[in-house]
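Please keep the viewer open as you read.

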Amino acid sequence: NESAPVIRRVEAWVESLPSDAPPAGIVDLCSGFGFLGMFIAELLPDPSRVAEIILVDRGWPNLNIGSKGTISANHVYDYGSWRVPLQTIK
């Protein structure tokens, strides 16, 4: 899968952060269904080092403006709690 090398690079980046750094935020642009962000959220060795992962895609719904979008966010929000919180935005 093409996401595997990216996951390893993100893990290495998070691990390289100074120990006294505040939790990082990760933005997944053009996230599609959000699989990369979901994998990272669950596979990071120390999820406390990341505050949240924001999944950005024009396909996500934005109920605040009445946009249903073309991608359902149910698989993100109805799963339960993630090791790193996920958020979708359009």
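Contact here means heavy atoms within 4.5 Å. With that cut-off, serine 3 touches Leu36 and Phe39, leaving aside residues up to four places away in sequence. The model is a predicted one, so please read every value below as computed from it.

**The helix pair**

Serine 3 sits in helix α1, and it is buried, with a relative accessible area of 13%. Its helix, residues 3-16, meets helix α2, residues 35-43: the two axes come within 10 Å and cross at roughly 45 degrees. How do α1 and α2 lie to each other? Angles under 35 degrees count as roughly parallel and those from 65 to 115 as roughly perpendicular, and α1 and α2 are therefore oblique to each other. The crossing in which α1 passes α2 is right-handed. On the α1 side, the contact is made by Ser3, Val6, Ile7, Val10 and Glu11, and on the α2 side by Leu36, Phe39, Ile40 and Leu43. Sorted by class, this contact has 7 nonpolar residues, 1 polar and 1 charged.

**A residue in strand β2**

Leucine 55 belongs to strand β2, residues 50-56. Which residues does leucine 55 touch, not counting those up to four places away in sequence? The list is Asp28, Ser31, Gly34, Gly37, Trp60, Val76, Gln87, Thr88 and Ile89. Histidine 75 is 20 residues from leucine 55 in sequence, and the C-alpha to C-alpha separation of the two is 13 Å.

**A positive phi**

Most residues other than glycine have a negative phi. Cysteine 30 has a positive value instead, near 55 degrees. You will find cysteine 30 in the loop between β1 (24-29) and α2.

**Accessibility side by side**

| Residue | Relative accessible area | Class |
|---|---|---|
| Serine 3 | 13% | buried |
| Leucine 55 | 0% | buried |
| Tryptophan 82 | 14% | buried |
| Cysteine 30 | 69% | exposed |

Buried stands for under 20% and exposed for over 50%, so tryptophan 82, at 14%, counts as buried.

**The aromatic rings**

How many aromatic pairs does a search of the whole structure find? The search gives 2. A pair of aromatic rings is described by the distance of the centres and the angle of the planes. Tyrosine 79 and tryptophan 82 form a stacked pair, at 4.3 Å centre to centre with 25 degrees between the planes.

How values were computed
Residues numbered from 1 in each chain as written. Predicted model: local features only at pLDDT ≥ 70, side-chain atom pairs only at ≥ 80, totals over all residues. Heavy atoms only, no water. Axes fitted to C-alpha atoms, helices over the stretch in contact; angles between N-to-C directions. Helix = DSSP H or I, 4+ residues; strand = E, 2+ residues; numbered from the N terminus. Parallel < 35°, antiparallel > 145°, perpendicular 65-115°, else oblique. Left-handed = near helix turned anticlockwise from the far one by under 90°. Nonpolar A, V, L, I, M, F, W, Y, C, P; charged D, E, K, R; others polar. Phe/Tyr/Trp six-rings, centres within 6.5 Å; stacked < 30°, edge-to-face > 60°. Buried < 20%, exposed > 50% of the residue type's maximum accessible area, 1.4 Å probe, protein only.
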